Amino acid sequence: MMKFNKPFTLACIAISVVLTACNSNKSEDSTNKAVLDTVSLSSKNFALAYQDGDKIVATSIDTMKQISFGGATDPAISPDGNKLAYTLSDSAGNRSIWIADMENKSQGKLQVNSNNYYQAMWSADGGAIAFNIFNSKNLWKIGVIKTDNTGYVMLDSASKINVYGPTWKNEKEIIGQDLTKLYTFDRTGKLIDTKLITDLIGKEFSISSSNRFFYTKGGAKLVFNAGNTDILNGLTGPSEAVYVLDLASKKITRISPKGMNVPYVFLTADDRIFYSGAEKPFTQSKIYVADLSGNIKTVVDKGTNPTGALK
């Protein structure tokens with residue numbers, strides 16, 4: 001069983017620019033660059049990124065190289081393991097997405113005309129990022145932008161519905177949900193498919209804005225987390241778990257065990273399920289990885305919100 005321990009001081013990021021942006025009213029200066037560690041990092045060393053309290057961590061599979069820093073949330077490691085996207089919040093409540101290149105030690109802000117966009121989700125080729133964005137009509141939408149800050153599109157920008165939880169169905173299509181429907185958009189923003197969530201998974205589950213749906217490679221199955229009817233003594237609020245839906249047979253398989261609350265799930269493009277969950281007394285969350293058959297390993301003894309790179 002592989003387990004990642006606390007980050008080594010060998011590879012800590014010293015990001016004073018980031019901390020300034022998080023803890024002051026000053027505007028972010030995109031010309032400033034954070035200074036990463038002084039250790040030369042070779043490519044594809046990082047396999048996992050996750051939240052550990054008030055800091056985020058990126059780690060290699062052997063834990064010999066790790067990076068951590070405070071003041072950021074929503075860690076999203078790129079498929080090749082070389083970049084890390086994350087959310088910064090300032091004292092005024094503004095949120096923005098930044099990308100750190102862990103190879104050349106640079107970092108920069110995604111240039112989007114909004115003061116509130118967060119939760120990056122990489123495309124499988126690493127060339128674009130989808131995210132939630134609050135628009136001028138006070139609605140949540142999905143934004144998509146290339147990592148070189150070109151080609152920005154707000155999906156479904158004209159409608160009056162909120163859309164949450166963006167994920168990539170494939171390189172050309174993005175999905176999101178509005179608590180009752182699952183939408184599929186192409187990268188130009190055109191709506192190409194709408195499905196009732198209850199038609200897919202039934203009526204026994206509850207859906208919140210934080211729940212995500214992921215299509216597996218080839219689109220045959222749907223991985224998601226959702227509220228259920230489990231009664232977990234000591235848990236405040238509804239219990240959630242991870243499930244896999246076979247779209248052909250309509251069979252739903254539970255992945256996370258009973259007795260665990262799972263508020264976050266992530267599926268890699270090679271169909272590995274990462275999720276964070278807590279058991280009674282529900283005070284410490286661990287990170288797990290599973291395959292589509294439900295074979296589970298513990299990978300981090302303390303952490304939340306994991307994302308994984310490709311093998």
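"Buried" here means under 20% relative accessible area, "exposed" over 50%, and "partly exposed" in between (1.4 Å probe, protein chains only). This is a predicted model, with local features needing pLDDT of at least 70 and side-chain atom pairs counting only at pLDDT 80 or more, while totals for chains, interfaces and linings use all residues. Residues are numbered from 1 along each chain as its sequence is written, and side-chain values use heavy atoms, with hydrogens and water left out.

**View 1. The whole protein, before zooming in.** Of the 311 residues, 50% count as buried. Take the contacts (heavy atoms within 4.5 Å) with a separation of 6 or more: 42% of them come from residues 24 or more positions apart. The accessible surface is about 14100 Å² (Shrake-Rupley method, 1.4 Å probe), and carbon and sulfur atoms own 50% of that.

**View 2. R254 and D230 pair up across the chain.** Their side chains form a salt bridge, 2.9 Å from N to O (the term means a side-chain nitrogen of Lys or Arg within 4 Å of a carboxyl oxygen of Asp or Glu). The pair links distant parts of the chain, 24 residues apart: R254 sits in strand β19 (residues 252-254), and D230 in the loop between β17 (221-227) and β18 (240-246). R254 counts as partly exposed at 23% relative accessibility, and D230 is partly exposed at 21%.

View 3. D52 meets K55 at 3.9 Å, N to O. D52 is buried, with a relative accessible area of 9%, whereas K55 is partly exposed at 25%. In the other pair, the closest N and O atoms of D270 and R272 are 3.2 Å apart. Here D270 is partly exposed at 31% and R272 is buried at 14%.

**View 4. The largest nonpolar core, 26 residues.** Such a core is a set of buried Ala, Val, Leu, Ile, Met, Phe, Trp, Tyr and Cys residues joined through side-chain atoms within 4.5 Å. I142, V223, V242, I273 and Y275 have the most contacts inside the core. Strands that each supply at least two residues include β9 (128-134), β10 (140-146) and β21 (273-279). β20 gives the largest share, six residues.

**View 5. Around V242.** Skipping neighbours within four places in sequence, V242 is in contact with residues including V223, F224, R254, I255, V262, I273 and Y275.

Note on methods: Helix = DSSP H or I, 4+ residues; strand = E, 2+ residues; numbered from the N terminus.
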